[in-house]
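User: Please examine the model shown below and answer a series of questions about it.

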Amino acid sequence: MVFWNSSAGLLAEGDLVSLSAGLRVEGGKLTDSVNGAGHQLMAPADRALMLVAMPADAGVWLTHMRALGMSQQQASQIISFLNRIGALRISRPLSAKLSVLGGHVALLINGTRPILLTRRLPLSVFGLAIGATLALAPVFAASIVVMLLLYGAGIGNGWLETIATTGGFALWAGVFAHEAGHAIVLRYAGAEGAVLQQGMRLGIIHGLLERKLGIACALAGPAAGLIISVLALGWAAIITGRHELWALAAIMGAFHLLSLLPASADGQTLRRHWGKRGTQ
Ligand SMILES: [Zn+2]
């Protein structure tokens, strides 16, 4: 696996790079039509970004950045910044995806945390479903490994399967419903939005909302996540007669409520809109 130097460990040989949907370089600025943000670019960063207005080979792009007089560190800073806002679209063949995964594992073993690609997905049922699946993939992979180990040790039996599969399904449904809750309010408000997924982090970026809609949007996610995970697990508990599932329902419900804490994203949004009282 070969990562390109100066790509912050994000770009690999054979990658095609372009800017994500909604992003445009214009008059020295990178504008994001999804949330209305305008990022001022210092020369020659503007020209470097214009090179990926159309899909470009990652190696050729980095060579051009060098030709524009950029140091390896500057190129890497630009790539990290683009990745933070989900601006990079990387098209990579499946075989290369697998070797990138292997490359990340090798980095982790060496004690280096790899930078994970931030994906910008459409704010649709499909985009939310893909986002929830990718964000939860490590949890699912880990629980499959644990299940196999338990079975190997002869500990596994019917209840383990029931808890793990219903728990996994409810977790996915709860995360999907949480983001869908935010998305439904955005759709109602007529606001643009996009799903951002990086590793196990999942969120939605969107334009400004007026106070009431902002509060509704921040509350709708945790509320929908709580309701769906409790309903799914409660229903499974009744059907299977497994009372442990009620405990799992309480844990997952609490997990969605935690996102309303001031330190969490939804909590911060809520506080920001709440603070506008009296000024509007
Ligand atoms: Zn949320």
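**Strands, helices and surface**

User: Which residue in β4 stands opposite L30?
Analyst: In this predicted model, strand β3 (residues 29-32) runs antiparallel to strand β4 (residues 37-40), with four bridges joining them. Strands (E, at least two residues) and helices (H or I, at least four) are DSSP runs numbered from the N terminus, and two strands pair if DSSP finds at least two bridges between them. The residue of β4 opposite L30 is H39.

User: What phi does G36 take in the hairpin of β3 and β4?
Analyst: Most residues other than glycine have a negative phi. The hairpin of β3 and β4 has four residues between the strands, and there the phi of G36 is positive, near 75 degrees.

User: How many helices and strands does the protein have?
Analyst: Residue numbers start from 1 along each chain as its sequence is written. As the model is predicted, local features need pLDDT of at least 70 and side-chain atom pairs pLDDT 80 or more, while totals for chains, interfaces and linings use all residues; side-chain values use heavy atoms, without hydrogens and water. The protein contains nine helices and nine strands.

User: What is the strand order of the open sheet of three strands?
Analyst: Strands of a sheet pair through backbone hydrogen bonds, either parallel or antiparallel. The edge strands, each pairing on one side only, are β5 (56-57) and β6 (88-91). Pairing in this open sheet is antiparallel, and the order is β5-β1-β6.

User: In β6, which residue is the bridge partner of L16?
Analyst: Strand β1 (residues 16-19) pairs with β6 in the antiparallel sense over four bridges. L19 faces L88 in β6. The bridge partner of L16 in β6 is S91.

User: Which residues form the uncovered face of β6?
Analyst: In a regular strand the side chains alternate between the two faces of the sheet. The covered face of β6 holds L88 and I90. Its uncovered face holds R89 and S91.

User: What is the angle between the planes of W172 and F176?
Analyst: Rings of Phe, Tyr and Trp (its six-membered ring) pair if their centres lie within 6.5 Å, and planes under 30 degrees apart count as stacked, over 60 as edge-to-face and the rest as tilted. The count by this rule comes to one aromatic pair. W172 and F176 are separated by about one helical turn because they lie four residues apart in helix α6 (residues 158-189). This aromatic pair is stacked, with 5.3 Å centre to centre and a plane angle of 10 degrees.

User: What C-alpha distance separates A137 and W172?
Analyst: A137 belongs to helix α5 (residues 125-152). A137 is partly exposed at a relative accessible area of 35%, and W172, at 22%, is also partly exposed; buried means under 20% relative accessible area, exposed over 50% and partly exposed in between (1.4 Å probe, protein chains only). Along the chain A137 and W172 are 35 residues apart, and their C-alpha atoms are separated by 9.8 Å.

User: Which peptide bond is cis, with omega near 5 degrees?
Analyst: Most peptide bonds are trans. P44 lies in the loop between β4 and α1 (45-50). The cis bond, with omega near 5 degrees, runs from A43 to P44.
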